[in-house]
Structure formats: structure tokens, C-alpha cells
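This report walks through one structure, part by part. Start with the view below.

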Amino acid sequence: MKKKFLALMTASALALSLAACGGSSSSAASSSAASSAPASSGATSGAASGSAGGTFKIGVIGPLTGENAIYGQAVANGAQIAVDEINAEGGAIQFEMKSEDDVADGETSVNAYHNLQDWGMQVLVGPTTTGASTAVAAEAYNDRVFMLTPSASSTDVVSGKDNVFQVCFTDPNQGIGAADYMAENMADSKIAVIYRNDDAYSQGIHDTFVSEAAAKGLEIVYEGTFTADTATDFSVQLTGAQSAGADTVFLPIYYQPASVILNQANAMGYEPTFFGVDGMDGILTMEGFDPALAEGVMLLTPFSADATDELTQNFVAAYQAAYGDIPNQFAADAYDAVYAVKAALEAAGCTSDMDAATICEAMVAAMPTISVDGLTGKGMTWAATGEVSKAPMAVVIKDGVYTLPD
Amino acid sequence: MKKMKKSTRTAFLTYLSVILVFAVMYALDSAGMLTRSLSGQLVPICCYMSMAVSLNLTVGILGELSLGHAGFMSVGAFSGVIASMYMKDIIPSVPLRLALTMIVGAALAAVAGVIVGAPVLRLRGDYLAIVTLAFGEIIKDLVNCLLVGYDSKGLHIAMNLTGNMSINDLGLEPTGVAIIKGAQGATSTLTIASFTAGFILVMITLFVVFNLVNSRAGRAIMALRDNTIAAESVGINITKYKMMAFVTSSALAGAAGALYGVNYSSLQATKFNFNTSILILVFVVLGGLGNLWGSLVAAAALTILPEALRQFSDYRMLVYAIVLILVMLATNNPTLKAALGRLKPSKKQEKEAAGNV
């Protein structure tokens with residue numbers, strides 16, 4: 001049954017791509033695809049050749065199991081929703097998607113990447129985590145496979161590799177964004193930083209935050225560290241922050257340790273303003289965590305599931321219907337990544353019979369020319385270096401939902 | 001021809017099969033007949049084989065339990081990465097640079113082995129297990145504090161012990177390259193590892209271990225394992241021979257780590273955690289204590305297995321665990337052992353029969 005369906009899809013896609021090659025019908029096909037797509041305003045470059053089409057094979061890599069599984073699953077699910085939408089549209093470009101598990105480990109991620117290559121992957125959406133992405137990016141650069149990571153935020157992922165792009169903010173971007181926001185809105189606060197010093201993501205944001213905070217004249221009164229092995233008890237760090245008189249605690253960490261911190265701070269009656277970054281996203285849907293503890297927590301995130309625009313609401317509804325959860329920022333990043341890939345494929349005029357390397361070269365040229373209206377930002381554009389340009393947004397958790405701060 | 005000793009025969013058969021397997025895999029790989037998945041795993045498999053054989057020297061032949069073998073791999077990996085990045089402009093030849101990288105990795109891991117072994121190997125009991133366990137954790141935390149950069153003035157190294165420093169505090173020139181950035185690890189390593197280098201590493205490892213085992217020192221080491229008191233009574237210097245085996249083992253692990261380090265452009269200290277140490281111990285136990293070719297087969301099989309199980313998607317590690325348990329049960333099954341035992345004497349009889357003719 002499934003095979004039959006697949007065969008039918010492939011056949012119809014083939015027929016479509018053939019029709020697209022016909023010439024006169026081609027521009028109609030691609031323009032209808034662009035206008036009817038909910039997220040991508042694909043071809044802003046008028047030079048888009050009209051012959052883009054076919055069923056492309058997209059590979060997705062992320063930690064589907066293990067301690068970071070919530071991120072990988074969000075990415076795989078978000079990408080799947082975008083792929084389903086695009087396929088249901090029936091435009092010239094159709095996608096076939098396969099997601100592989102990498103347990104957030106570099107070696108396994110490279111293995112997963114090779115596995116996807118054996119499957120015939122033409123475009124890579126992933127990996128999800130920073131360390132894994134850096135390892136895979138080097139391979140993708142050598143193999144000339146176009147790579148768009150939804151959520152790996154370190155500049156090391158993209159630097160020096162022309163075919164690697166990011167959908168999320170970079171670490172410096174987040175650290176600087178957080179410091180700038182604090183300098184503007186809470187300039188005279190005493191800041192404590194608690195970060196995980198054996199994690200690439202956490203340390204990356206911490207380093208840029210500290211240097212930007214110094215430049216903006218913010219006062220950092222305490223810095224506490226922890227590692228993966230000591231992420232179960234934060235009484236030392238919290239007592240340190242409290243006795244140093246900190247009224248703002250910056251947490252450039254993932255949400256699991258953050259939940260412990262919030263819990264312990266509550267137990268010891270310490271009530272500073274907690275300020276997180278995009279790794280904090282997901283804390284409200286965490287199992288066994290009382291969302292009331294996260295009341296008043298601020299975080300810097302490009303996506304809020306409670307936004308009222310139609311696009312977000314449709315996405316949240318589709319995600320909840322399919323997976324029963326409220327999507328987090330990673331799902332939204334992956335959703336946008338798939339639409340960005342679609343827009344770039346259209347702009348580059350790629351067809352699915354091209355090999356990965358040809359598609360890669362065409363997309364590298366097309367990427368800086370496209371602009372995508374996605375869940376995580378309006379009018380996202382990419383620099384040739386691979387970094388995305390979109391506005392960060394600070395939200396505060398009020399009554400269990402993200403709201404814009406007053 | 002004079003009849004070859006059994007140990008020598010095993011050694012030569014192992015060399016021969018490794019060479020054969022390498023030749024076949026190399027030919028298949030060059031002809032593009034391997035899947036990308038398998039050809040990408042060739043170098044890590046070689047590293048894990050070398051790790052397993054070297055750990056077998058400590059656990060199987062010396063008879064001391066080590067739970068921190070990944071720590072030596074870590075020392076080798078990060079020193080190898082630093083060495084290879086430092087030499088990238090000085091030595092343009094990649095094979096030479098790779099060889100030097102592995103030598104540096106081996107040397108530093110040997111130093112670490114001396115530091116760990118010197119106090120502990122004087123003791124009797126399971127102290128080595130405890131201390132190596134701690135060593136693995138200490139190395140992880142030390143590398144997390146390590147900041148290394150390189151510019152025209154040479155290497156810049158800082159230990160970020162207070163947690164307040166970043167790579168900017170190294171004072172690198174604008175053209176300088178950051179090699180290791182604390183917790184972010186090595187993030188821009190040039191990948192120079194090759195399957196041939198992996199093969200040579202495995203051959204050297206086997207050669208060193210086989211020759212050590214079959215030498216006078218090796219017999220002393222095994223005598224220590226079997227009966228320490230008896231060995232001491234005939235005048236064997238216990239600490240010296242224990243150190244010899246342990247330091248050799250850590251140096252070989254360092255060389256394997258160096259090759260592993262330059263095979264990936266990004267490497268974090270957390271990769272070499274307790275789980276990795278246990279994984280290598282599993283290779284050794286599954287292959288059989290003291291059985292070197294068993295370690296080789298187990299390392300290769302257990303590295304390929306999780307990838308081969310990808311069709312089970314989320315359940316693959318579950319299936320992996322079940323397969324592992326089944327294999328362990330099967331290899332310890334008395335019926336199976338008896339069946340294997342029946343095969344062996346018949347072989348011997350044949351040979352004797354052949355010898356008589």
C-alpha cells in the first residue's frame with residue numbers, strides 16, 4: 001500500500017517535472033507554487049528559472065533518542081509537517097523526507113549523514129545540535145552536499161563553508177542580543193550567569209554575552225558553572241548568585257538544567273528575573289515540570305506558539321493534531337528550513353534528476369537571493385557566509401504562555 | 001621446516017587476515033563498491049580495533065581492570081589535533097604530518113599512563129580500576145578548560161580554570177587559528193586521517209602487543225596475572241612489568257585517539273566519557289580476554305552493528321543491546337563451547353597424523 005502510494009507520488013511528480021520542462025507551462029507551475037505556499041515567498045529574484053521541479057530527497061538528522069531527543073524529534077516533526085504541506089499543495093517541487101538519529105554525537109551524526117547519502121539524499125536539513133553539525137558540515141563541504149541546519153547555532157558550523165547555512169541565530173547573535181536587551185531594558189541590574197562549561201552551545205553564548213556585557217557596561221556579579229555530570233544540583237551556584245546580590249540570572253543553557261534551577265531557586269525563596277535564550281524554549285511542555293515555576297522567566301526566542309498570525313496558528317494546529325504537543329522553536333526552525341530549501345530550489349531552477357553536487361552549487365548561488373516569510377521571522381534572508389538575518393524577540397512567560405514584555 | 005610455535009602461528013595468521021581484509025576493503029572502497037555508510041566508518045573502526053587490542057593488553061594480558069581507557073584516547077586525540085594543526089604549515093606532506101600526529105598522541109598518552117600507573121601499580125587489588133575511572137573524568141574536565149590557539153608567534157595555551165576566560169583571552173593575532181576552545185572542543189580540525197593510516201595503526205598495535213606478549217617480558221607479565229606471589233618469589237619486578245604493559249597500552253590508545261581526532265573536524269571532550277571506556281571494555285570482553293584477534297572482530301562488529309540496525313529507527317539501540325546480550329550468552333554457552341571444543345582436538349589429531357607421515 002505504502003509502496004504503491006510512493007510509486008504513484010513519484011510518477012505524478014515525474015509527470016509534473018516533465019510538464020514543467022515543456023516550457024510555456026513552466027512559469028505557471030512555479031509561480032502557482034510560490035503564491036500558494038503559505039510560508040515561502042520563494043522567488044523574490046525574478047531571474048528564477050521556471051524549470052524547478054520533481055521529487056527531491058531531503059535528509060534530516062537529529063537526536064531522535066537520548067537526552068536531547070526533544071530537539072531532534074521537534075526538528076523531524078516540524079520538517080515533516082512542512083514536507084506534507086508542500087506535497088499536499090501539489091506544486092512542481094515535491095519532497096521525500098527521511099530522518100536519522102544521531103544521539104547528538106559527532107561520530108554518529110557523520111554515520112547518519114553517510115547513511116542518508118546511501119539513500120540518495122540531495123539536500124540535508126540538519127543536523128540539530130551544534131557539535132554534530134560542525135562534524136557533518138566538514139563532510140558536507142567536501143562532498144558538496146547542500147546543508148541547511150535548523151538549529152545548530154555556533155559560527156563554527158558555517159564558517160569557511162560556502163554550502164552550509166543556518167536557520168537559527170548564531171551563538172554570538174544570541175549572546176549579543178541578550179546583552180543588548182538587558183542594557184536597554186534593565187541596565188542597572190546585577191547579573192549572575194550560570195552556564196554549562198562542557199557544552200559548546202552554552203559556552204559559546206556565555207563568551208559573547210560576557211564580552212558584549214562588558215562593552216555595554218553591564219555589571220556581572222557572579223558566574224557559576226556546571227557540567228553534564230553535575231546538572232542535578234545547583235544550590236551552590238544559586239547561593240553564590242544570591243549572596244552576590246544578583247537580581248537577574250542569565251541562563252544560556254538548555255531547558256532541563258534550567259528546570260532544576262527554577263525549582264531549587266523557588267525552594268530557597270530566591271526570586272530574581274531569570275533570562276534564557278532559545279535553549280530555554282520547551283520548558284513549558286517538559287514532563288513533570290510545574291509551569292507555574294517558569295512564571296516571569298524571560299527568554300530570547302524567534303518563535304512563540306501563541307503568536308496570532310495565521311501561519312503560526314495553522315502550524316501549531318497541524319503539529320498538535322499530528323504529534324499531540326505544542327511545537328517549540330526547533331520545530332519551527334525545521335519547518336522554515338524546508339520552506340527555505342524549497343524557495344532556494346525554485347530560485348535555482350533545480351530539477352530532481354540533478355545530483356546532489358549540482359543542486360548544491362545552484363543553491364549556494366541562489367541562497368543569498370531568496371527571502372522567506374517563516375514562522376521564526378518575516379523576510380528572512382541569508383548572507384553568503386551562511387548566517388541568517390532575522391530579528392530576535394524577547395518574550396516573558398505569563399500564565400503559562402509566551403507574551404511580549406510590557 | 002621447523003614447526004612454528006602456536007603463539008607465533010596465531011600472530012602470523014592475525015597479521016595475514018588483517019592484511020587480507022584491508023586489501024579487500026581498500027579495493028572495494030577505491031572501486032566505489034562500498035556504501036558511503038561503511039566507507040565512512042573505516043577509520044573509526046581501525047581506531048576502535050586499536051583501542052580494543054591495547055586495552056586487551058591491560059585487561060586480558062596484565063589482568064588489571066582499567067575503566068578509563070577513553071581518557072588515554074582523549075589525551076591522544078586532543079594532543080594529536082593540536083600537533084596536526086600546529087604543523088599544518090610547517091610540514092606540507094600529509095602522511096608525514098599524520099605519522100607525527102600519531103607519535104605525539106602516543107607520547108603524551110604514555111606520559112599520562114606513567115603518571116597514572118606509577119603510584120597505582122605498586123598496589124594490589126582493584127585500585128587501577130578506580131583510579132583510571134577518575135582519570136577519565138579528570139581528563140574530560142581538564143580538556144573542557146583547555147584553550148589553545150595558534151598564530152605566527154607559535155602556540156598559545158591557557159587553562160580556563162576560573163571559568164571566566166574565552167578564546168579571546170589568548171590574545172591571538174587576527175590571522176590566528178583557534179584550535180581548542182574549551183567546552184566547544186576542537187571545531188575546525190583539518191581532517192587528514194585515511195584508511196591506510198588506520199590499517200598501519202592496527203598493524204603496529206598488533207605487532208607491538210604480539211611481540212611484547214611473546215617476549216621474556218610478556219611471559220613475566222602473564223606470570224604476574226596468573227599468580228603474583230609465585231612470580232614475585234622467582235624475582236620478577238612486579239611494578240616494572242606492570243608499568244611496561246600499562247604504559248604500552250596507554251601509548252597505543254593515544255595513537256588511536258590521535259587518528260580518531262584528525263578524522264572529524266569537530267571533537268568535544270565529552271565524547272570520551274565513561275560510556276566510551278565501557279564500550280571498549282565490551283569489545284575486549286566480547287572478543288575474549290587475552291584474545292587479540294577476538295578484540296579486532298568484536299570492535300569491528302560492534303562499531304558496524306548500530307549503523308546496520310538503522311532500519312529499526314528509534315529502537316535500534318534497544319535491538320543493539322539485545323543482540324549484545326544474545327552474543328554474550330551464546331559465546332558463554334556450554335553446549336556451544338563443547339561443540340567448539342570437539343572441533344579443536346580433531347584438528348590437533350589431524351596435524352599429528354600429518355606429522356607422522
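## The sheet of chain A

Three bridges join strand S4 (residues 146–149) of chain A to S5(A), and the two run parallel. Strands here are DSSP runs of E with at least two residues, and helices are runs of H or I with at least four, numbered from the N terminus. Two strands pair if DSSP finds at least two bridges between them. Leu148(A) has Phe165(A) in S5(A) as its bridge partner.

The model is predicted: local features need pLDDT of at least 70 and side-chain atom pairs count only at pLDDT 80 or more, while totals for chains, interfaces and linings use all residues. Residues are numbered from 1 along each chain as its sequence is written, and chains are lettered from A and ligands numbered from 1 in the order in which they are written.

## Strand order and a packed helix

The open sheet has five strands in the order S2-S1-S3-S4-S5 (chain A), with parallel pairing. Strand S2 (93–101) and strand S5 (164–166) of chain A stand at the edges with a single partner strand each, so one side of each has no neighbour in the sheet. Neighbouring strands are turned by 25° against each other on average, direction ignored.

Helix H12 (residues 329–348) of chain A packs on this sheet. H12(A) touches strand S1 (54–62), S2, strand S3 (123–125) and S4 of chain A. Its direction makes about 155° with that of S3(A). Axes are lines fitted to C-alpha atoms, for helices over the stretch in contact, and angles run from 0 to 180 degrees between N-to-C directions. Residues are in contact if their C-beta atoms, placed from the backbone, lie within 7 Å.

## Two domains in chain A

Chain A has domain 1 (40–169 + 309–389) and domain 2 (172–301), with bounds from an automatic or database domain assignment. Their C-alpha centres lie 30 Å apart. The contact takes 12 residues from domain 1 of chain A and 11 residues from domain 2 of chain A.

## Two helices in chain B

Helix H2 (residues 36–61) of chain B packs against helix H9 (residues 238–261) of chain B at an angle of about 170°, with axes 9 Å apart. That makes H2(B) roughly antiparallel to H9(B), a term for angles over 145 degrees. Among the contact residues are Val43(B) and Pro44(B) of H2(B) and Ala245(B) and Phe246(B) of H9(B).

## Where the chains meet

The contact takes 31 residues from chain B and 31 residues from chain A. H2(B) gives the most to the side of chain B that touches chain A, with five residues.

Technical notes. Angles under 35 degrees count as roughly parallel, over 145 as roughly antiparallel, 65 to 115 as roughly perpendicular and the rest as oblique. Two residues are in contact if their C-beta atoms, placed from the backbone, lie within 7 Å.
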